[in-house]
Amino acid sequence: ALPALETLDVRDNNVADPAPVASLTTLTWLDLGDNDIADVTSLTALSGLVSLDLRGNLITDPSPLLALPNLVFLHLDNNPLDCADPNLLDVLMQLAGLVVGTNGGQFTHDCG
């Protein structure tokens with residue numbers, strides 16, 4: 001279908017399930033901001049992602065994103081984040097760019 005696609009912007013399209021995007025394994029830049037996504041598990045298939053924008057969704061657990069080895073920039077603000085994994089914040093802080101502001105004011109668990 002789109003075997004060489006590297007950039008995709010589907011911001012503000014009422015996307016609830018990002019699974020169809022998971023087959024686009026050549027993506028390096030993906031914008032899924034301002035949708036209705038709660039579960040990001042299917043995005044772990046996108047191992048080539050360098051930049052991922054998930055702002056303005058319904059994500060409580062971003063920990064599956066830790067499986068993305070090339071991720072450098074991650075935008076997670078305006079999500080109801082829940083830091084269930086005590087190592088999550090430490091790992092996310094290793095990114096070159098991370099935006100987590102305006103997530104209900106704080107992580108809901110002690111992140112260490």
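View 1. D34 is partly exposed, with a relative accessible area of 34%, where partly exposed lies between buried (under 20% relative accessible area) and exposed (over 50%), computed with a 1.4 Å probe on protein chains only. This is a predicted model, in which local features need pLDDT of at least 70 and side-chain atom pairs count only at pLDDT 80 or more, while totals for chains, interfaces and linings use all residues. Residues are numbered from 1 along each chain as its sequence is written, and side-chain values use heavy atoms, with hydrogens and water left out. R11 forms a salt bridge (a side-chain nitrogen of Lys or Arg within 4 Å of a carboxyl oxygen of Asp or Glu) with D34, their closest N and O atoms being 2.5 Å apart. Because R11 lies in the loop between strand 1 and strand 2, and D34 in the loop between strand 2 and strand 3 (51–53), the pair ties together parts that are 23 residues apart in sequence; strands are DSSP runs of E, at least two residues, numbered from the N terminus.

**View 2. R11 and D31.** The side chain of R11 also meets that of D31 in a salt bridge, at 3.2 Å from N to O. R11 is partly exposed at 23% relative accessible area, whereas D31 is buried at 6%.

**View 3. R55 and D53.** A salt bridge of 2.6 Å, N to O, joins the side chains of R55 and D53. R55 is partly exposed at 27% relative accessibility, and D53 is buried at 9%. Through salt bridges that share partners, R11, D31, D34, D53 and R55 form one network.

Notes
Helix = DSSP H or I, 4+ residues; strand = E, 2+ residues; numbered from the N terminus.
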